[in-house]
Amino acid sequence: MISLLPVGSAVAFIFAWLVLIACSATAGLGPFRLSRAAVVALPFTLAALPLIFTVHEQVIADLVLGPVHLTISSEGLRRFLTITAGSWLSVQIALLLAFTTPFHDLVDALRELHLPRILVSIISFMYRYIAVLGDEASRMLRARDARSAGAGRGTGGSLRWRATVTGRMVGSLFLRSYERSERIYAAMQARGFEGEFRHLGARRVGRSDLFALTVMLATFVLYEVLAFLWLPRL
Amino acid sequence: MTTIDTDHAHVHAHMHPEVGEHAHPHDHGDPGAARGTVEMTHVHFRYPDGFEALGGVDLRLDPGEKVALVGPNGAGKSTLMLQINGTLQPSHGTVTVVGLPVGKTTIRRVRSEVGLVFQDPDDQLFSPTVFDDVAFGPLHMGLPDAEVHRRVEQALAAVGMRGFEHRLPHRMSLGQRKRVALATVLSMDPSILVFDEPSAGLDPRGRRELIGLLQGLTQTLLVSTHDMRLVAEVFPRTIVMDGGVIVADGATAQLLADQRLLEAHGLEAP
């Protein structure tokens, strides 16, 4: 919804942000936790930075850096700020979902939304094993550090050496994961798995869920219409 | 696999007369009358790389027996255990579980009768929540939802992990994960339980809890372990394996007293 807002709809963004702050506060996260956490995503908006220089409407300044001639346009700036604000808010929304909903509920929801079962299973396995894999990686790193002479960061020598060691570790992590996957498959087979995942039908999309979904979608559409037709823009 | 059809007569000839007394009350007259039994005859197994892991194993487990499987690493213990639920199938010889020869047509039934618990609970627990994991077996046996819920509740109660249904496996201690791993097979109501190294890595308290659990189980129990104190405490019968064959099989007390036997196979008395 956020990314569909028209360029420069500052008021719509601010209003969305206020709603998010309210949600964050009612979810017991503290009003600004999401806003702060979402800052980590801002470096990715650097990808939109060239917009400032590549749009040639309403030029407000010329920069001459030796042979390079750059024009800064206010239209480009507006687009850049829109993308930045939009991604910052979108990340906050994703974080709100992640902070407030247990992962297995998300997986159940994906299944109910008829995402292919194999994808749902992959996501669920990924979530289960990412911590195990992380543990294995950190044990290997510790073992590397324990056997590397010297102290402090970047122990044990040149960048080239460290890169070599890291490469080998990635390889061995892959092998370990592969072997683990074989063991997991054996464990699944031992409990009757024959290639098809089954799930309890306990959590179905009910009437109230459909109602909530409809209200939400209607609100989004209305908000977009408002933002396009009525709310002031920069 | 190759000898499945030939062995019905053989199995019945070997069946001990007392089996009927221990058998499941409603399972008369069909293969289920031998619930809890395992029989291996001349089992050989060769891995695809040519390594012969089992070189002719003969073994019989009676209902409710608690048997320890000991021997050095690489003796073939794990390979033997994987034969019992058909994950691996013998290159030669037969494996009969609850009176059924293990093979393609019987594999479903065999796997629902044999609960195999792997050494690393991270291999055993692959679902996002404890509930999902314990429900996996019953669900894939095709049981109705209400029965699955009942089984999960019972299994978690049996291992003292009620209330953990919605916990995430990777946020629990090793001892807790091992207990849940046991629940994941108990929920399938197997008559035979096969554990690989259940006490490895457990702290003393976790180990005591495990011993209590093992002692309380009524199923046929085959447990591979290096923990000789565990063997002495829980298992009346011990099988010693080395080099892919069974080198001794008898009362635990006698075997553990045989210093020469233990030394010859890299074991130590508790």
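This is a predicted model: local features need pLDDT of at least 70, side-chain atom pairs count only at pLDDT 80 or more; totals for chains, interfaces and linings use all residues.
Q: OK, what is the strand order in the open sheet of chain B?
A: The open sheet has 4 strands in the order 2-1-4-5, with antiparallel pairing. Its edge strands, each pairing on one side only, are strand 2 (52-61) and strand 5 (100-101) of chain B.

Q: And how many bridges join strand 1 and strand 4 of chain B?
A: Strand 1 (residues 38-46) and strand 4 (residues 92-97) of chain B are joined in the antiparallel sense over 5 bridges, and T41(B) has T94(B) in strand 4 as its bridge partner.

Q: Which strands does helix 3 of chain B lie across?
A: Helix 3 (residues 77-84) of chain B lies across strand 1, strand 2 and strand 4 of chain B, and it runs at about 125° to strand 1.

Q: Switching to helix 7 of chain B, which residues are buried there?
A: The buried residues in helix 7 of chain B are V148(B), R151(B), V152(B), A155(B) and L156(B). They sit on the same side of helix 7 of chain B, because they cover an arc of only 125° around the axis.

Q: Why would residues three or four places apart point the same way?
A: An α-helix has 3.6 residues a turn, so residues with that spacing point the same way.

Q: What covers those buried residues of helix 7?
A: The cover includes helix 6 (130-140) and helix 8 (174-186) of chain B.

Q: And what follows helix 7 of chain B?
A: Helix 7 of chain B is followed by G160(B), which has a positive phi near 70°.

Conventions. Residues are numbered from 1 along each chain as its sequence is written. Chains are lettered from A and ligands numbered from 1 in the order in which they are written. A residue is buried if 20 or more other C-beta atoms lie within 10 Å of its own, exposed if 12 or fewer, and partly exposed in between; C-beta atoms are placed from the backbone. Helices (H or I, at least four residues) and strands (E, at least two) are DSSP runs, numbered from the N terminus. The arc is that of the directions from the helix axis to the C-beta atoms. Two residues are in contact if their C-beta atoms, placed from the backbone, lie within 7 Å. Two strands pair if DSSP finds at least two bridges between them. Axes are lines fitted to C-alpha atoms, for helices over the stretch in contact, and angles run from 0 to 180 degrees between N-to-C directions.
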